[in-house]
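Hi,

Here is the structure I said I would send over. Have a look, and my notes are just below.

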Amino acid sequence: MQMPVPCNMNYTSPNGYIETAWYDSSADCTFTVTVYLGYGVEVQVLNVSLSEGEVVTLEDVGGREHSVLANESVLMKGLVVRSSSNQISVRFRSDRPQPGSFLLRYQAFVLSCSFPRRPAYGDVSVTSLHAGGEAFFYCFTGYQLHGPSSLACRNATTPYWSGKEPQCLVLRLSVGRQLPLSSCPPCLFKKGKRGRVRGMVKNATVGRIVSPGFPGNYSNNLTCHWVLEAPEEQRLHIHFEKVALAEDDDRLLIKDGNNIDSPPVYDSYEVEYLPNEGVASTGRHLFVEFTSDGAGTSTGAAVRYEAFARGNCYEPFVKYGNFTSSDGAYRVGAVVEFTCDPGYTLEQGSVIIECLDPDTPSGTRPEPACRAVCSGEITDSAGVILSPNWPEAYDKGQDCIWGVHVEEDKRIMLDIQVLHVGKNDVLTFYDGDDLTANILGQYSGSHPRFKLYTSMADVTVQFQTDPATNIFGYHNGFVVHFFEVPRNDTCPELPEITSGWKSTSHPELIHGTVVTYQCYPGFQLAGTEILMCQWDLTWSGDVPSCERVTSCPDPGNVEHSHRVIAGSHFSVGSTVQYVCSKGYALAGASLLTCHSRDSAIPKWSERLPKCVPETYEPCRNPGVPASSVKSAEKRFYQAGETLSFSCASGYELQGQPAIRCVPGHPSQWSSPPPACRASSSVYLNERRLDVSNSELSMEGTNIAIAVLIPAAVVMLVILGIYLYFSKVQGKSFRLPTSSTPPYDHMTVESAFDNPIYETGPRLALSDY
C-alpha cells in the first residue's frame with residue numbers, strides 16, 4: 001500500500017511543488033510556503049481532483065490580517081493566485097476514506113507597492129513599484145503641491161510607500177505670502193445709468209485688483225474706484241498682469257495719490273503698450289479707476305500691487321514663473337534670478353536682475369516675462385507643451401512646431417490633459433523627429449484626457465490654427481505633459497487588489513498578455529475584470545477594485561403581477577412583495593427578503609414566484625329554446641366561453657343573442673337563453689288559414705246532411721215495405737247479397753281522397 005504524503009510541511013525554497021496523494025485515510029493537513037522578505041508567492045494549479053465535501057483553502061498569512069486567496073469552489077486547473085506577503089498556507093481537509101488530490105506549483109516573485117494615488121489637478125510618475133522605487137508628484141499650472149513631492153517604496157513583509165500621497169491645491173501664494181484679492185463687486189443699475197463702487201485697501205502690502213467678472217467679460221456702464229494705502233514710510237508698485245479693454249470709451253486709470261484729482265501715472269487712453277516695468281507711487285497712495293460704457297465689453301484688467309520700503313527696490317514679480325533672491329528685503333545690491341513654470345519660456349528681459357537704484361521703479365532692468373511660445377526644441381526627460389499664450393487664447397493663423405528628444409534607449413509618453421481647440425484647428429503628433437514620420441494622432445475640437453506612446457526617443461508636435469478662427473477666452477488650447485519612459489516590450493506591472501487576486505495568462509507582460517482580476521466571496525468587482533496589454537504597451541483599462549456586496553440583485557418582474565418594494569436599492573433587510581393581477585393566482589412565496597449570512601453574498605430568501613391563470617367550475621348546458629339553434633352543443637361549457645343563439649326562419653329572437661359563462665365559484669351564465677317568437681307576417685297567414693278551414697268544414701257538413709236525409713227516408717220506406725210483406729205472407733224478406741261486399745276493398749282514407757277534406761277536421765262514419 002502506498003504511504004500518504006506527510007502533513008503539515010513547511011517549504012522555504014524560492015520555487016517548488018505541493019502535492020497530495022492520500023489513500024485509505026482521511027486528511028487534515030497544512031502546507032506553509034515562506035520566501036524572502038520583499039517577495040510574494042505565486043501559486044499555479046496544475047491538477048486538482050476533489051470530491052464533494054472536501055475543503056481546500058489558500059490563505060495569505062504573512063500580513064497583518066490573513067486573507068483568503070482561493071478555496072475549493074474556484075480551484076481549477078490553470079488558476080494562478082498571488083500573495084501580497086512572503087508567506088502563504090494551503091490547508092486540505094477530507095473525511096473520505098480515499099481523499100482527493102491536487103498538484104500545485106509555487107514560485108517567489110518580487111512584491112511591489114500599490115500604484116500611488118494620482119492627486120487631483122496633478123499627476124504622478126513612478127520609477128518602479130518594487131522596493132527602492134520612487135514616485136514623483138507634480139501639479140498642473142495654477143496648482144501647488146501640498147505634501148511630499150516624492151515617496152519611496154519600502155521593503156517589508158508587504159511593501160509600502162514612505163508617506164501619504166500629496167494634494168494639489170489652488171495656487172494662492174506668491175513668494176510665501178497670500179495675495180488678497182480686490183475686485184469691483186457686482187452692482188445693479190438701470191439701463192443707461194452708471195454703477196459706482198468705491199473700495200479702500202489700507203495697509204496694502206501685496207495683492208491683486210481685477211475688473212468685475214475677470215477673467216470673463218465685465219459689464220457695461222461701470223465705474224469702479226480703488227484707493228490703495230501702503231504702510232507708513234512705504235511706497236506702492238503695480239505690475240500689469242493683463243489689460244484687455246473694449247474699444248470706445250472703456251478706460252483704466254492709475255493716479256499717484258488718494259483721490260480722482262491726483263496726477264495720472266498710467267492712462268489706457270494715452271499708451272498703446274503696457275509698461276513692462278509697471279508704475280510706482282511717490283507716496284503711500286495710489287488711486288485706481290476702471291470705467292466702461294454702454295457699448296462692447298472685454299476681459300478687463302488684472303493688476304498686482306506690492307508695497308516696498310523707501311530706499312529699497314520693490315518685490316519682483318513674474319507671471320507663470322518664480323524667482324529666488326539674495327536679499328529678501330530687496331536692498332541695493334540684491335540679486336534676483338527668475339525661472340518659468342513648465343511649458344513657459346522667459347522673454348522680454350534678463351534671467352538675472354540686480355537692485356541698483358531705488359529711486360527708479362525697478363532699480364534695474366525690468367523683470368522678464370514667462371509666456372507659452374509657439375514652437376521650440378525640448379531635451380528634458382519630462383516637461384509640458386502648452387498652446388501659445390496659455391491659459392489665454394491662442395492667435396489665429398499660426399503654425400507651431402515643437403520637438404521633444406529624450407535618451408536614445410527611451411521612448412516618450414504623451415499625456416494630453418487638456419484639448420479644446422477650434423474645429424478647423426489641428427493638433428498633430430508625429431512618431432519621430434520631423435513631419436515625415438508616422439502620425440500618432442491628429443485632433444480637432446474638444447477631447448477628454450488621453451495618452452499616446454511613441455516607439456522611439458523623438459516626437460514632433462505641430463499645431464496649425466485657422467486664419468479665421470474665433471477661439472477666445474481662458475483655457476482654450478491644449479496642455480500636453482510628456483515623460484521619458486523605458487523602451488521595452490512589456491507592459492508595466494499591475495498591482496494587486498484588496499479582497500481579491502489576479503491571474504496572468506503569460507509570465508512576461510508582453511503584448512497580448514491578459515490579466516484577470518477576481519474577488520473573494522462576499523465581494524464584487526468594480527471595474528473591468530480583464531485587462532489586456534495593448535500594442536502601445538499600455539493596459540486596456542484601469543485596475544478594478546473589490547467592493548463588499550451589501551445588496552441583493554434585482555429579482556426581476558413576474559408576468560401578470562406588480563411588485564411592492566420596501567427598502568432602498570435591494571439592500572440587506574429590504575423586501576419585495578408580488579401581487580398577481582385579477583384572474584391569476586400566485587404559485588410560490590409572495591414575499592422575498594434580502595438577507596446576508598456570514599460572509600456570503602446577500603441572497604433572496606425565496607425563489608421568484610409565478611402568476612398562473614385561476615381555474616373555475618364550468619357552466620351547465622342552458623338548454624335549447626323552442627324554434628332556436630345554438631352555436632355549440634355540449635354538456636358543460638368552460639369559464640369564459642361564449643354561446644350564441646339563432647332562430648328558425650319566421651321567428652324573431654327575444655333576448656341576448658349570445659351569453660357568456662362568467663368565471664366564478666360556481667360559474668354562471670351572464671343572462672338566461674333568449675326565446676324565439678313567430679314573426680307578425682306568419683301569425684297573420686295562420687289566422688287566415690284557420691278561417692278558411694272553418695268555412696270548408698261548415699260547407700262539408702251541409703252537403704253531408706243534404707245527402708244523408710233523403711237516403712234515410714228511402715231506407716225507412718224500404719224497411720216499411722219489407723215489414724209489410726213479411727206480415728202478409730208470413731215470410732222473411734231478404735235482399736240479394738254477394739259473397740264479397742262491394743265496399744270491402746275501400747278504406748276510410750280512400751273515401752276521403754280529396755284535398756279539400758284533407759285540410760279539414762276528420763269525421764268518423766259512426767258519427768253519422
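**Salt bridges and a sheet**

Lys634 is partly exposed, with a relative accessible area of 35%. Keep in mind that this is a predicted model. The partner of Lys634 is Glu641: their side chains meet in a salt bridge, 2.7 Å from N to O. Glu641 is partly exposed too, at a relative accessible area of 23%.

There is also a network: Glu42, Arg82, Glu493 and Lys502 are joined by salt bridges that share partners. The count of salt bridges comes to 16.

Another one I'd look at is Arg284 with Glu229, where the closest N and O atoms are 3.7 Å apart. Arg284 sits in the loop between strands E25 (279-280) and E26 (285-292), while Glu229 belongs to strand E21 (residues 222-229), so this pair ties together parts that are 55 residues apart in sequence. Glu229 is buried, because its relative accessible area is 15% and the cut-off for buried is under 20%. Arg284, at 21%, counts as partly exposed.

Then there's Glu306 and Arg304, whose side chains form a salt bridge at 2.4 Å, N to O. Both of these residues are buried.

Now for the sheet. Four strands make up an open sheet, ordered E48-E49-E51-E52, with antiparallel pairing. At the edges are E48 (561-566) and E52 (603-604), each of which pairs on one side only. E48 pairs with E49 (residues 575-580) over six bridges, in the antiparallel sense. If you want a spot to start from, find Val564, which stands opposite Gln577 in E49.

Cheers

Key. Residues numbered from 1 in each chain as written. Predicted model: local features only at pLDDT ≥ 70, side-chain atom pairs only at ≥ 80, totals over all residues. Heavy atoms only, no water. Pairing = 2+ DSSP bridges. Helix = DSSP H or I, 4+ residues; strand = E, 2+ residues; numbered from the N terminus. Salt bridge = Lys/Arg side-chain N within 4 Å of Asp/Glu carboxyl O. Buried < 20%, exposed > 50% of the residue type's maximum accessible area, 1.4 Å probe, protein only.
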